[in-house]
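Please read it with the sequence and the coordinates at hand.

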Amino acid sequence: MAPSFDWWATRGTTATTPSAVVVKMENPNNWSMVELEGPTAEELFPLTTATAGADNKNSRRNKNAKQLTWVLLLKAHRAAGCLSSLAAAFLTLAAAVRRRVASGKTDTDNDNDNSVKVDGQVENLTVKSRIYSIIKVFLWVSVLLLGFEMAAYHKGWHFTAENLQFKYQSFLGLFDLIYSKWVSFRVGYLAPPLQFLTDACIVLFLVQSLDRLVLCLGCLWIKLKKIKPVLKEGAVDLESGEGGYFPMVLVQIPMCNEKEVYQQSIAAVCNLDWPKSKLLVQVLDDSDDPVTQVLIKEEVHKWQQDGANIIYRHRIIREGYKAGNLKSAMNCSYVKDYEFVTIFDADFQPGPDFLKRTVPHFKDNEELGLVQARWSFVNKDENLLTRLQNVNLAFHFEVEQQVNGVFLNFFGFNGTAGVWRIKALEESGGWLERTTVEDMDIAVRAHLHGWKFIFLNDVECQCELPESYEAYRKQQHRWHSGPMQLFRLCLPAVIRSKISIWKKANMIFLFFLLRKLILPFYSFTLFCIILPMTMFIPEAQLPAWVVCYVPAAMSFLNILPAPKSFPFIVPYLLFENTMSVTKFNAMISGLFQLGSAYEWVVTKKSGRSSEGDLVSLLDRETKHHRVASEPGLDEMKEEIEQQELTDSKKRKHNRIYRKELALAFLLLTASARSLLSAQAYAMGTGKP
């Protein structure tokens with residue numbers, strides 16, 4: 001039932017006693033300072049009983065006149081105060097917008113974030129994507145349609161497909177003719193294709209919802225049956241580490257200009273509980289900042305003095321991003337002495353028992369190529385953005401990764417917190433720089449070569465979530481454009497591979513098409529384009545269960561692995577709609593190799609650590625004070641601190657995210673059109 005707006009007329013009739021007011025004006029030009037004391041109860045509610053006598057009739061008339069005067073004054077005061085508040089709010093908003101635009105800070109600025117393409121081509125962030133142009137077209141069309149609908153509403157016209165039998169001669173004026181032509185055009189030419197696209201998106205939505213439901217049921221089955229990867233008989237005990245299985249393990253820490261987190265990641269890896277003679281740590285520094293290079297090199301030197309088996313590597317030719325960095329490290333001659341390699345990104349902090357809980361799964365299991373641990377986040381409660389990210393990632397690890405690992409022995413490698421058998425990497429072709437998702441690339445190629453994967457949901461590795469929307473936005477762009485690049489490149493290899501037809505179908509239709517292409521496509525098209533367009537073209541029907549019930553059910557399923565996030569389910573829904581712009585844009589860019597397809601920006605870190613890590617670092621720093629630093633390093637650190645202090649004092653401007661604002665304005669115009677329809681129903685003027 002459409003909402004009624006008759007409350008404007010009925011508001012205030014339930015009051016039992018009026019509020020007394022006295023006219024008191026401190027400043028006649030400022031309505032907010034006016035206080036009115038109105039009539040008394042006797043004046044508002046005069047005696048009406050017969051005992052009042054005939055003498056009260058004249059006085060009652062005088063009181064009624066006073067009552068009307070006071071009511072008019074009170075209403076005039078309220079109206080003027082409302083207009084004054086609205087005007088002040090509008091002026092404040094206009095001033096804020098003017099300052100933001102004048103600052104020149106937009107989401108297309110180039111901040112020297114190492115935004116470059118592969119193969120040495122520089123990526124220009126000021127190039128507007130094609131999807132942005134499409135959104136602007138829809139935006140201006142929606143504003144134009146809203147203007148027509150508002151004018152038609154005031155004239156009392158509410159034409160639909162059923163009552164289009166009218167004569168143009170009955171209309172007067174040019175606008176009348178234009179509007180009637182528009183109604184005929186939308187019924188004949190716009191509604192049919194929009195309805196077809198709506199039906200197609202509904203089918204995709206239902207298929208994807210069914211896939212998500214199956215994943216949740218699989219996760220429930222795992223929980224009920226307590227299914228988890230088990231060691232082969234005779235392997236070591238994970239808790240005690242007994243069994244004597246300590247193969248040679250190479251640990252790699254790829255990083256690039258990440259001076260906020262290098263200390264805690266190096267400290268966590270050097271504290272791994274593993275025989276030092278069986279462990280080698282490679283710090284793969286791709287930093288182009290000389291100061292950061294010196295700091296990381298000095299940190300490695302300190303740990304070498306402390307007895308850790310750790311080395312520092314810096315590439316002269318920095319090509320291929322993270323994949324090129326790992327590939328270069330694997331070409332070292334001493335790598336042939338190691339059987340396994342573990343990768344940790346710069347912000348990851350593994351526990352001391354990480355290797356003891358992961359590496360033993362490889363014993364007597366020659367088909368196993370990868371053991372992946374799940375992520376946990378030290379800053380998941382930092383702000384609303386990190387809380388909403390935690391919802392998605394909790395579902396990814398708890399449901400997607402775990403179910404695929406248990407029932408399919410395959411999932412996408414997360415790029416970090418995983419242990420690879422070096423033989424599996426070599427047989428699969430090693431690291432390739434052809435996409436921005438080198439981790440997923442190597443996982444797909446290893447699966448095509450017959451290697452199996454294990455996901456350990458009970459082994460966690462702490463890391464950071466992006467705390468700013470800009471950093472998260474760039475991360476999501478890379479995560480959604482890369483899979484489409486990979487899909488185009490590996491599709492022929494999947495078809496020609498010798499794996500079973502079921503595994504081919506799973507990889508093509510579920511892993512790539514459904515979860516990487518269809519999901520961002522329908523979520524943006526259905527809820528951000530079709531839904532608002534149906535407000536302006538009501539002949540295209542979108543069922544209520546598609547808009548409300550199924551999305552609500554899917555959102556509840558998605559938030560189940562993070563039950564503490566239930567209070568944020570409404571912001572989560574709005575957040576997903578907002579991010580669908582970025583995800584859809586990235587998906588299209590990767591699929592068709594558009595301008596921003598190979599954009600790679602290192603996600604900014606804040607350097608947050610857990611309490612245990614801070615204590616460990618403090619203990620280590622006490623020892624490191626005895627070790628001599630490189631000449632001039634202390635002075636360099638002081639200069640860095642002084643520069644950071646100066647930068648923090650500079651005025652920072654928030655960015656203007658034009659795509660998100662364009663989408664918000666499109667939805668706002670659609671909601672205004674829907675409100676007009678609801679008002680038409682409530683007032684009984686006809687069908688909208």
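Of the 688 residues in the chain, 46% are buried, in what is a predicted model. The secondary structure of the chain comprises 19 helices and nine strands. When contacts in the chain between residues at least 6 apart in sequence are considered, 80% of them join residues at least 24 apart.

**Packing of α10 against α15**

- Helix α10, which covers residues 384-407, packs with helix α15, which covers residues 544-559, at an angle of about 75°, and their axes are 8 Å apart.
- Because angles of 65 to 115 degrees count as roughly perpendicular, α10 is described as roughly perpendicular to α15.
- On the α10 side the residues that meet α15 are Val-391, Asn-392 and Phe-395, and their counterparts in α15 are Leu-557, Asn-558 and Ile-559.
- Sorted by class, the contact of α10 with α15 has four nonpolar and two polar residues, with no charged residues.

**The bend in α14**

- Helix α14 runs over residues 501-536 and has 36 residues, yet its end C-alpha atoms are only 46 Å apart, which falls short of the 52 Å that a straight helix would reach at 1.5 Å a residue.
- At Leu-513, α14 bends by about 50°.

**Asn-506 within α14**

- Asn-506 belongs to helix α14, and this residue counts as buried because its relative accessible area of 7% is under the 20% cut-off.
- Leaving aside residues up to four places away in sequence, Asn-506 touches Leu-408, Phe-410 and Phe-511.

**Positive phi in residues other than glycine**

- Asp-364 is a residue other than glycine with a positive phi, near 60°, and its place is in the loop between α9 (354-358) and β7 (368-377).
- With a relative accessibility of 49%, Asp-364 counts as partly exposed, since exposed residues are those over 50%.
- Ala-417 likewise has a positive phi near 60° in a residue other than glycine, and Ala-417 is found in the loop between α10 and β8 (418-421).
- Is Ala-417 buried or exposed? Ala-417 is buried, its relative accessible area being 0%.

Key
Residues are numbered from 1 along each chain as its sequence is written. This is a predicted model: local features need pLDDT of at least 70, side-chain atom pairs count only at pLDDT 80 or more; totals for chains, interfaces and linings use all residues. Side-chain values use heavy atoms; hydrogens and water are left out. Axes are lines fitted to C-alpha atoms, for helices over the stretch in contact, and angles run from 0 to 180 degrees between N-to-C directions. Helices (H or I, at least four residues) and strands (E, at least two) are DSSP runs, numbered from the N terminus. Angles under 35 degrees count as roughly parallel, over 145 as roughly antiparallel, 65 to 115 as roughly perpendicular and the rest as oblique. Contact means heavy atoms within 4.5 Å. Ala, Val, Leu, Ile, Met, Phe, Trp, Tyr, Cys and Pro count as nonpolar, Asp, Glu, Lys and Arg as charged, and the others, Gly among them, as polar. The expected span of a helix is 1.5 Å times one less than its number of residues. The bend at a residue is the angle between axes fitted to the seven residues ending there and the seven starting there. Buried means under 20% relative accessible area, exposed over 50%, partly exposed in between (1.4 Å probe, protein chains only).
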